[in-house]
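Please read them with the sequence and the structure open beside you.

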Amino acid sequence: MFLFPLPSALFPDVVNCMQTDNLELKKLVYLYLMNYAKSQPDMAIMAVNTFVKDCEDPNPLIRALAVRTMGCIRVDKITEYLCEPLRKCLKDEDPYVRKTAAVCVAKLHDINAQLVEDQGFLDTLKDLISDSNPMVVANAVAALSEIAESHPNSNLLDLNPQSINKLLTALNECTEWGQIFILDCLANYTPRDDRESQSICERVTPRLSHANSAVVLSAVKVLMKFMEMLPKDLDYYGTLLKKLAPPLVTLLSAEPELQYVALRNINLIVQKRPEILKHEMKVFFVKYNDPIYVKLEKLDIMIRLASQANIAQVLAELKEYATEVDVDFVRKAVRAIGRCAIKVEQSAERCVSTLLDLIQTKVNYVVQEAIVVIKDIFRKYPNKYESVIATLCENLDSLDEPEARAAMIWIVGEYAERIDNADELLESFLEGFHDESTQVQLQLLTAIVKLFLKKPTETQELVQQVLSLATQDSDNPDLRDRGYIYWRLLSTDPVAAKEVVLAEKPLISEETDLIEPTLLDELICHIGTLASVYHKPPSAFVEGSRGVQHKRLPPRNGSNESTESPEAAPAGGQTSEPSPAVIPSQGDLLGDLLNLDLGPPTSGGTPAPTSAMQMGAMDLLGGGLDSLLGGDLGGSPVMGTGFGAPAVMPASLNAPVGGGLGDLFDLGGGVGMTTGVYVIPKSVWLPAMKAKGLEISGTFARRMGIIQMELSLTNKAMQVMTDFAIQFNRNSFGLSPAAALQVHTPLTPNQTIEVTLPLSTVGPVMKMDPLNNLQVAVKNNIDVFYFSCLYPINILFVEDGKMERQVFLSTWKDIPNDNEAQFQIKDCHLNSDAASNKLHSNNIFTIAKRNVEGQDMLYQSTKLTNGIWVLAELRIQPGSPNYTVSLFPVGLSHFCY
């Protein structure tokens, strides 16, 4: 029971109050309209005339209030009436009205992007960047940046030296949030040369002393990016390094939450340029009243800044921290001592001595952490500190944590020949083998095998016991597999077993937790945002990743392009783009990619007949490489056995074959976009007879950097279908739905609806057979149905797969000849430029082109979503319809994953 009418029932009466001259009352009415217009869209139109009238009011506050409110009312029927008042307000004489209208354009674009473009509001926004009022400039930049984020290819912010100069001029006069908008915009600009870069840095540097921490971090982001273009021997470069330290230190005097954000950003900065804060170690010493999350972050930065010059000071602090009462912090402090030993070799002996002192305290968790880090020190400095093993063995009975027990077992197994009772120690662990964690079981198995290889006569019974436990009494597949491998090695070739198990181990690296260089460069471009706090790129946590752009630092000044073979001439006038200086050397998937067999997964039905066309070794692009170039594809003799799997017809015999490379060059047979992106025609994945009347057809596409599954759902049953949901099994490339399956209306009998499902590549990974197999579960109100489909690998080709030419050259020279996979493409009637353009549309980039004895040679690169690179050489004889393609993995074997 309501004593008063509901707020929405009062809508007409409240709208009538809009005519008031009282500004405060008008604000309340406008606020009411914003909240309830959605529930009463037809009645909201009643307010339009008053809005239009208020947009011409002599009071600029009322004009701004009216246009702001109209922008916040997200009702389609009202947007068309908003255009004319908005156009007038964008050119209003009062800057307050103009700056409000600029933000309104971004809001309107979110409601109806096409309307904004048709009405020319984007051009007006660009003109406002030259406005005389700095706040108008800041809001125009903010609005354009917001629109550009949702449309990354629109190039709305076409920055040039003239517009940059206007932004820098406005920077000094606008409010703090306006400064942040402008600084973020500047960070997206790439200067022409080091002189321009220095000029911008000089004008941005005063922002480092701003009271707002967000302004400071935005300024740091701009300076960190533009420093890449400054020569290191330049005097100004050293001056800039000195100027960056004080504002970062000042951020640490704020409240704990702000300190944490600052420390996460400083962590990135220190990894990129440790010289900035190398003299500021003391500010990162932990205070007694710091929250634990601040303490742990400070500890991490202390290790990164540790050097021979300050290691004594750092170790004294860490030893003090190891006696604190906070258990988590003490554990991290003990581990930090081990990291110091690994990073600064001169301090290793001192660190080991400190760790032994901590072990003597007999505090259980301190002892266990110390043993874990001493194991790492043994791996870094073999045969140097083994004298401490006796002390470690004395504490064997007190170890109850899996990591510590595994570390101690590793030490005993590795140095079994120096420990008289090694067999007794390992046997004591074996008594409760099934109660141990998997980590301890695996380590115990390896340690006993090592012991047997070092003392075979004394430990034969022990090794048989552990192998029996691992292979016959265990349900863990990892443990069983390792047990069987050891068993077969020992029974067939003990000498080989010794070479494998007792092989010399590589030394562990100094910094195992450093962020990968290309990711670090991207995170530096996101300083002051959530990405810099999570230490993850925006694409990893922004749902759907729509509009997320991958940013990179500009190339270091003075890096010249080489013109040596194979790139005697640049590719077709294309300018090289900055790319990572380090080629990822992942060995996870490329060997399997070279053997990719596109036969369909077994689903219990009648196998489809195979086509006469034979695939080549590198069936990397899904449906065969020929689906990107054209014609038949024949495997070359160089490929040997295991290559050349037959192509298979789609599950539906009526569906067209996702032919070959020719389909990419001749889009008539496929579902192509105007840009030349090739999409395989839809085929039936789930027949109606196997899914109680639900038939699912589909295909995959990559559009504007987003992978999509395009589905047709057909109801061939006699009942309505609702409540659709979809889920993927783990797969080779981590494909997973980036959003829920959107079927907004019930699917009635004999109805077909089209659904597009965006996909991400951050899901769980598991190798599939074939590699591009995807297992899918679809649920509706009737039942859950399962099917498998094959996705073309070319949807995984990313837009930044163009390798920098100099890196390409050095990588190409290092590839062994026997890594080549070669095949022929027949009946393709395109010249080299047309072929290059078609492949470029599908993220296969031409790095260089040259002519050798009348034959065009295209050197190309592509990159998968998981960072794997593939290099290619495409040979085209003018006038001949046959091509030769050679593909090369980058430093990877075929024994991958």
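**Notes on the helices, salt bridges and loops**

1. Helix H20 has 12 residues, and from its first C-alpha to its last it reaches 16 Å, close to the 16 Å expected at 1.5 Å a residue. Keep in mind that this is a predicted model. The buried residues of H20 are Ala348, Cys351, Val352, Thr354, Leu355, Leu356, Leu358 and Ile359. What do they pack against? Their partners are H18, H19, H21 and H22.

2. The overall figures give the setting. The protein chain has 35 helices and 16 strands. Of its 897 residues, 52% are buried. For contacts between residues at least 6 apart in sequence, 68% join residues at least 24 apart.

3. The side chains of Asp357 and Lys319 meet, with an N to O distance of 3.3 Å. This pair links distant parts of the chain, since Asp357 is in helix H20 (residues 348-359) and Lys319 is in helix H18 (residues 311-321), 38 residues apart.

4. A search of the whole structure finds 31 salt bridges. As background, side chains of opposite charge can pair when their charged atoms come close. Another such pair is Glu369 with Arg331, where the closest N and O atoms are 2.8 Å apart. Glu369 lies in helix H21 and Arg331 in helix H19 (residues 327-343), and the two are 38 residues apart. Glu369 counts as buried because its relative accessibility is 5%, and the cut-off for buried is under 20%.

5. Arg335 forms a salt bridge with Glu403, and here the closest N and O atoms are 2.7 Å apart. Arg335 lies in helix H19 and Glu403 in helix H23, so the pair ties together parts that are 68 residues apart in sequence. At 28% relative accessibility, Arg335 counts as partly exposed. Glu403 is also partly exposed, at 34% relative accessible area. Which residues make up the network of salt bridges that includes Arg335? The linked residues are Arg331, Arg335, Glu369, Glu401 and Glu403.

6. With 13 residues (402-414) at 1.5 Å a residue, H23 should span 18 Å, and its end C-alpha atoms are 18 Å apart, which agrees. H23 is mostly covered, with 11 of its 13 residues buried. Among them are Ala404, Met408, Trp410 and Val412. The charged residues Arg405 and Glu414 are also on the buried list. The buried residues of H23 pack against helix H21 (364-380), helix H22 (389-394), helix H24 (422-430) and helix H25 (438-454).

7. Next, look at a pair of helices elsewhere in the chain. Helix H5 (residues 60-72) and helix H6 (residues 76-90) pack with their axes 10 Å apart, at an angle of about 140°. H5 and H6 are therefore oblique to each other; an angle over 145 degrees would count as roughly antiparallel. The crossing of H5 past H6 is left-handed. On the H5 side, Arg63, Val67, Met70 and Gly71 meet Tyr81, Leu82, Leu86 and Cys89 of H6.

8. Ile73 sits in the loop between H5 and H6. Leaving out residues up to four places away in sequence, Ile73 touches Leu33, Met34, Ala37, Phe51, Ile78 and Ile111. The C-alpha atoms of Ile73 and Leu31 are separated by 9.9 Å, although these residues are 42 residues apart along the chain.

9. Asp158 is in the loop between helix H10 (134-150) and helix H11 (161-171). The C-alpha atoms of Asp158 and Tyr189 are separated by 9.1 Å, and the two residues are 31 residues apart along the chain.

How values were computed:
Residues numbered from 1 in each chain as written. Predicted model: local features only at pLDDT ≥ 70, side-chain atom pairs only at ≥ 80, totals over all residues. Heavy atoms only, no water. Helix = DSSP H or I, 4+ residues; strand = E, 2+ residues; numbered from the N terminus. Expected span 1.5 Å × (residues − 1). Buried < 20%, exposed > 50% of the residue type's maximum accessible area, 1.4 Å probe, protein only. Contact = heavy atoms within 4.5 Å. Salt bridge = Lys/Arg side-chain N within 4 Å of Asp/Glu carboxyl O. Axes fitted to C-alpha atoms, helices over the stretch in contact; angles between N-to-C directions. Parallel < 35°, antiparallel > 145°, perpendicular 65-115°, else oblique. Left-handed = near helix turned anticlockwise from the far one by under 90°.
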